[in-house]
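Here are some quick notes on the charged pairs, as promised. Have the model open while you read.

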Amino acid sequence: MGHAFRCAGRNYPASAEELRVAREFFRSARTTFIGTGLVGLVMGFMRVLEGADKSANYSTDALLGFSIALITIFYGLATAVFLIEPFASAIRKKLAQQAAD
């Protein structure tokens with residue numbers, strides 16, 4: 001895992017095979033973070049639906065369920081876009097540069 005992040009560094013001399021492995025790592029990481037966000041989204045909506053039969057505190061349970069759903073999908077997408085994608089982009093640039101040479 002740490003090697004994939006090192007390969008994305010500007011001054012790290014990585015071979016084409018190392019870059020391909022790093023590219024696959026970042027693809028998997030992006031998919032995992034987005035998938036985790038979607039699982040949290042489903043769990044939050046399950047919490048909303050679970051509270052539907054409890055009429056006493058339904059608004060509080062629904063609000064908690066919606067907040068779980070929104071925050072997990074937000075964290076999953078934000079991590080994929082703002083953390084993983086810059087590293088993946090650097091790997092793609094290095095691969096393209098090596099292919100051009």
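The points below go through the salt bridges one by one.

1. A word on the ground rules: this is a predicted model, where local features need pLDDT of at least 70, side-chain atom pairs count only at pLDDT 80 or more, and totals for chains, interfaces and linings use all residues. Residues are numbered from 1 along each chain as its sequence is written, and side-chain values use heavy atoms, with hydrogens and water left out.

2. The count is four salt bridges, each being a side-chain nitrogen of Lys or Arg within 4 Å of a carboxyl oxygen of Asp or Glu.

3. Start with Glu17 and Arg20, whose closest N and O atoms sit 3.7 Å apart in a salt bridge. The two are three residues apart in helix 2 (residues 16-50), so about one helical turn separates them. Helices here are DSSP runs (H or I, at least four residues), numbered from the N terminus. Glu17 is partly exposed at 48% relative accessible area, and Arg20 is partly exposed at 38%; buried means under 20%, exposed over 50%, and partly exposed in between (1.4 Å probe, protein chains only).

4. Next, Glu24 pairs with Arg27 in a salt bridge, with 2.9 Å between the closest N and O atoms. Both lie in helix 2, three residues apart, about one turn of the helix. Glu24 is partly exposed at 37%, and Arg27 is too, at 40%.

5. Then look at Glu85 and Arg92, which meet in a salt bridge at 2.5 Å, N to O. Salt bridges with shared partners join Arg30, Glu85 and Arg92 into one network. Glu85 is partly exposed at 24% relative accessibility, and Arg92 is partly exposed at 39%.
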